[in-house]
Amino acid sequence: MGFGLSTDWAATRERGFTLPHPRVSVTVFRILEDAIVAAWGILHTAPPRPFDSGVAEEVDFTTHMHEILEDHLWDSDAVDGFTGEVFSSIKRPEVRNYDGKKTSKKPDMVAFLADRPNVQRSQDGIFVECKPVDGAHSLLGDYCDEGIARFVVDDYAWAMTEALMVGYNTVHDKPSAALVKPLAQRVNKVRAFGQPRDCKRSPHKPPVAVTRHKRGFPLRGRQAPAITLRHLWLATPGGLL
């Protein structure tokens with residue numbers, strides 16, 4: 001059964017996508033960050049399923065956080081703006097890299113964006129990578145090499161110019177200070193330029209930090225533009241902060 005589509009229909013449609021995708025406003029990031037902070041509070045005070053933060057590992061935190069975001073907070077009016085008018089879904093998907101040679105890349109979460117024309121919908125969202133930032137995990141190996149670097153190469157958010165890192169169980173005063181030395185030590189891997197800075201509009205404690213990173217893969221015949229990463233670190237209730 002045919003669908004009346006020409007043989008080059010898909011290629012023509014692909015060329016019509018805007019790359020990189022339009023920027024995501026700080027306001028939209030703030031909505032998602034507020035929802036993540038709300039989910040973190042629920043996880044520690046009234047989790048929908050049994051949860052022991054004392055023995056939980058990274059995947060346990062992320063699985064529970066995703067379920068709270070997707071099943072309980074999204075489109076519930078519990079967090080202002082965290083609705084289907086802004087985000088079409090919150091998923092833990094498999095995505096491809098920029099040239100399709102890697103087809104099963106797994107970001108921790110993607111908050112897919114709603115009502116954005118001329119974009120590749122499978123790649124249009126706030127990509128979220130979550131990492132522990134406690135005393136047992138290295139900001140070099142765990143956070144930089146296994147986290148930030150995935151946005152610098154072609155694995156995650158290659159169509160976007162912004163993304164989000166989330167840190168669990170922080171033992172640091174704030175990410176903008178804690179990341180200065182690791183970014184300098186991993187300069188060839190994370191390709192940061194400029195210093196980490198606090199987002200002046202962040203209401204959270206510690207405040208969200210912002211970093212910028214060069215990328216080297218091609219996008220429509222040109223070098224992909226730099227990516228801005230926001231760093232939301234979540235303090236354990238009753239902990240250091």
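**View 1. Where S3 meets S4.** Look for cysteine 130 here: its bridge partner in S4 is valine 166. This is a predicted model, and in it strand S3 (residues 125-132) runs parallel to S4, with five bridges joining the two.

**View 2. S4 and its other pairing, with S9.** S4 also runs parallel to strand S9 (residues 227-234), and here seven bridges do the joining.

View 3. Is strand S4 (residues 162-168) mostly covered or mostly open? It's mostly covered, with seven of its seven residues buried. Glu162, Leu164, Val166 and Tyr168 point one way from the strand, while Ala163, Met165 and Gly167 point the other way. Whichever way they point, all of them are buried, Glu162 included.

**View 4. Helix H2 crossing helix H3.** Now over to a pair of helices: the axes of H2 (residues 26-45) and H3 (residues 58-73) come within 9 Å and cross at roughly 110°. That angle falls in the 65 to 115 degree range, so H2 counts as roughly perpendicular to H3. The crossing of H2 and H3 is right-handed. On the H2 side, the contact is made by Ala35, Ile36, Ala38, Ala39, Trp40, Ile42, Leu43 and His44. H3 brings Phe61, His64, Met65, Ile68, Leu69 and Leu73 to that contact.

Technical notes:
Residues numbered from 1 in each chain as written. Predicted model: local features only at pLDDT ≥ 70, side-chain atom pairs only at ≥ 80, totals over all residues. Heavy atoms only, no water. Buried < 20%, exposed > 50% of the residue type's maximum accessible area, 1.4 Å probe, protein only. Helix = DSSP H or I, 4+ residues; strand = E, 2+ residues; numbered from the N terminus. Pairing = 2+ DSSP bridges. Axes fitted to C-alpha atoms, helices over the stretch in contact; angles between N-to-C directions. Parallel < 35°, antiparallel > 145°, perpendicular 65-115°, else oblique. Left-handed = near helix turned anticlockwise from the far one by under 90°. Contact = heavy atoms within 4.5 Å.
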